[in-house]
Amino acid sequence: MKIGNFETENNVFLAPMAGVTDLPFRKICRRYGAGLVYSEMVSAKGLYYNDKKTADLMRIDDEERPCAIQIFGSDADIMAEVIPKVMAVKPEIIDINMGCPAPKVAGNGGGSALMKRPELAAEIVAQCVKVSPVPITVKMRAGWDAENINAPELAVLCEQAGAAAITVHGRTRKQMYAPPVDLDVIAEVKRRVKSIPVIGNGDIVGGKSAADMFAKTGCDGIMVGRGALGRPWVFTQISEYLKSGTVLPDPPVDERMDIMLRHISALIANKGDYIGIREARKHSSWYIRDIHGAAAFRRELGTLESFEQLEAIAKKVVESAAE
């Protein structure tokens with residue numbers, strides 16, 4: 001799929017997710033076939049004030065390329081001014097977040113709150129496009145609430161401002177992550193936007209839901225978010241289904257545990273024991289979903305203190321599944 005002057009190898013992407021799409025997770029999703037991966041959202045203001053933790057979110061490894069860095073904020077001047085700092089890590093794409101529903105982001109005028117100020121949103125895009133050497137894209141929601149569904153109008157403004165692609169999560173900010181996903185609004189964005197690709201997002205968990213998104217919206221690409229949690233192989237499953245209609249099963253439990261341990265090992269190597277193990281608690285809980293005895297294992301994982309403990313739990317999970 002062509003995004004500005006950049007072409008992806010396929011049109012099934014990993015969505016940006018705060019606290020999830022760090023470097024180790026992005027790398028594993030690329031290995032399973034994600035055509036493009038996105039960073040966690042990065043505060044433009046944090047970059048502006050040279051906050052180290054903010055800058056650390058932008059670390060990119062060549063193994064995960066192509067990679068997009070997603071930034072958020074509500075000040076057009078600051079957003080444009082930090083583009084050179086983002087470019088220090090040489091992302092293929094810079095994405096602007098207009099969809100985050102979190103109160104600490106939207107409450108400060110960023111994320112989905114920009115959908116209430118379309119002129120400002122378009123100004124941010126225009127200023128960033130002016131100074132960026134790579135394509136600027138936008139990720140938005142359907143609207144702020146059911147009474148204010150304005151993604152089609154905002155998408156056109158962003159296109160006119162120079163955005164190279166638009167991603168639409170088919171929920172309002174008020175919905176957060178509650179059902180249903182509005183595929184009609186994504187289809188309407190696709191109808192209105194004339195010159196750039198539209199990417200559909202929301203409740204894509206496998207091949208069939210991916211095919212439905214394409215069929216019902218006419219979108220050019222899709223973005224997988226929560227459907228990839230603990231299931232990085234979902235990208236392989238989606239690609240195979242879209243290509244041949246074949247439904248690939250999840251890997252056997254022993255293989256899933258191997259993938260989990262490799263992921264968590266990389267996470268610890270990347271962030272250190274203390275942070276890595278604490279973040280491993282949520283990731284490992286996702287990996288054991290739908291496995292026999294998952295509830296009891298989740299309780300153990302909630303107090304995880306070492307990689308050795310995780311290895312012992314993984315062994316028990318495999319033994320339990322074999323019984």
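## Salt bridges in a predicted model

At 25% relative accessibility, D61 is partly exposed, that is, between the limits for buried (under 20% relative accessible area) and exposed (over 50%), with a 1.4 Å probe and protein chains only. This is a predicted model, in which local features need pLDDT of at least 70 and side-chain atom pairs count only at pLDDT 80 or more, while totals for chains, interfaces and linings use all residues. Residues are numbered from 1 along each chain as its sequence is written, and side-chain values use heavy atoms, leaving out hydrogens and water. The structure holds 22 salt bridges, each a side-chain nitrogen of Lys or Arg within 4 Å of a carboxyl oxygen of Asp or Glu.

**Around D61**

- D61 pairs with K27 in a salt bridge, with 3.2 Å between the closest N and O atoms.
- This pair links distant parts of the chain, 34 residues apart: K27 sits in helix α1 (residues 23-31), and D61 in the loop between α3 (52-56) and β5 (67-72). Helices (H or I, at least four residues) and strands (E, at least two) are DSSP runs, numbered from the N terminus.
- K27 counts as buried, at 16% relative accessibility.

**The D62 pair**

- D62 and R65 meet through their side chains in a salt bridge of 3.0 Å, N to O.
- D62 is exposed, at 61% relative accessibility.

- A salt bridge joins the side chains of D203 and R226 at 3.4 Å, N to O.
- D203 lies in the loop between β9 (198-201) and α10 (207-217), and R226 in the loop between β10 (221-224) and α11 (234-244), so this pair ties together parts 23 residues apart in sequence.
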